[in-house]
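Here is a briefing on one protein chain. Please look over the sequence and the model before reading on.

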Amino acid sequence: MPTPSARTRAVALAALPVLLLAGCGGSDEPEPAAQAPSSSAPAPSATPTAAPTPTPTAEPERPLLNAGTVAEGAPAAVSGEGPARIAVVRDGDFGVVARLDCAACTGDVVLTSDGRMSPWGAGPGPLTGSYLVDVLEGTDAKQGFLLDAAGPWTLTFSSWNELPVLSGPQQGTGAAVLLLGDTASGARIDYTPAGEGDSLLARVVSAVDVDPATGPASLVLGGDEPLSETADVALPGVVALSTNGTWTVTPLP
């Protein structure tokens, strides 16, 4: 799911030889012998110094931690401290919600997957939030995640069918995954950034408008400025909000 900004011109200088001619004198006395022009030895050229090779920034060491298997009614959890790679297996057909508890972390926290352009979640520690990390759109049952964090953390994976069913407008701060039980034509999402660098990635997925060939209808929206936008996706359904800012989700008739 949320899923919802030289030219180098070589100038050749031709060396032009200069010839010096001796003039003829009118005296009967023998002319002194011409002296050969002195030539100075060329100055030795400086030995070129190789530019220092920049040292690449070392990637943090990430031990591989296995969270096990997540199934309906059976969440999978793993704990660690510092950067890590996390493996988990989905057993069943459901969306997966990852709950990150990094309340004792310091510095920047980033949760992502290999090859993903934008992280599932990121922000300064302490950081706690829920992220929709698997929406069954051609995903493999085996999932891998990367976590950069300084401090102890716990990551819990569960089925989106285990989310509490909510009704009416919902307000909150930070990353969350909501299961809205209202019958509605869509949802309005209002968002205020937490500060400079914060953004919103929101995804609304229908539980009633489902095509057997393509899956549930969904819509992604977001940005890094305050917004109020409508997602025309039929509810009941799931709304996933990846942000550190504040938000309101309102079902529409």
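S218 sits in strand β15 (residues 215-223). Strands here are DSSP runs of E with at least two residues, helices are runs of H or I with at least four, and both are numbered from the N terminus. The model is predicted: local features need pLDDT of at least 70, side-chain atom pairs count only at pLDDT 80 or more, and totals for chains, interfaces and linings use all residues. Residues are numbered from 1 along each chain as its sequence is written, and side-chain values use heavy atoms, with hydrogens and water left out.

**Around S218**
- S218 has 33% relative accessibility, so it counts as partly exposed. The classes are buried under 20% relative accessible area, exposed over 50%, and partly exposed in between (1.4 Å probe, protein chains only).
- The side chain of S218 makes a polar contact of 3.3 Å with the side chain of R203. Such a contact is a pair of N or O atoms within 3.5 Å; within protein, one must be able to donate a hydrogen and the other to accept it, and residues adjacent in sequence count only if both atoms are side-chain atoms.

**Around S206**
- S206 belongs to strand β14 (residues 200-211).
- With a relative accessible area of 3%, S206 is buried.
- A polar atom of the S206 side chain lies 2.8 Å from the backbone nitrogen of D209.
- The S206 side chain also has a polar atom 2.8 Å from the backbone oxygen of A234.

**The chain as a whole**
- The chain contains 18 strands and 0 helices.
- Of its 253 residues, 36% are buried.

**Salt bridges**
- The whole structure holds 3 salt bridges. Each needs a side-chain nitrogen of Lys or Arg within 4 Å of a carboxyl oxygen of Asp or Glu.
- R90 pairs with D134, with the closest N and O atoms 2.5 Å apart. R90 is in strand β3 (residues 84-91) and D134 in strand β7 (residues 127-134), so the bridge ties together parts 44 residues apart in sequence.
- R90 is buried at 11% relative accessibility. D134 is buried too, at 1%.
- D148 and R62 form a salt bridge at 3.0 Å, N to O. This pair links distant parts of the chain, 86 residues apart: D148 is in strand β8 (residues 142-150), and R62 is in the segment before β1 (64-71).
- D148 is partly exposed, at 25% relative accessibility.
- R188 and D190 form a salt bridge at 3.1 Å, N to O. R188 is partly exposed, at 31% relative accessible area.

**Second largest cavity**
- The volume of the second largest cavity is about 30 Å³. A cavity is a set of points, on a 1 Å grid over the protein atoms alone, where a 1.4 Å probe fits but cannot get out; lining residues have an atom within 4 Å of a point.
- Lining residues of this cavity include R90 and D134, along with V70, V88, V96, V133, Q143, F145 and F157.
- Strands β3, β7 and β8 each supply at least two residues of this lining.
- By class, the lining has 6 nonpolar, 1 polar and 2 charged residues.

Technical notes
1 Å grid on protein atoms, 1.4 Å probe; cavity = no way out; pocket = protein on both sides within 12 Å on 5 of 7 lines; lining within 4 Å. Points joined across faces, edges and corners; volume = space filled by probe spheres on them. Nonpolar A, V, L, I, M, F, W, Y, C, P; charged D, E, K, R; others polar.
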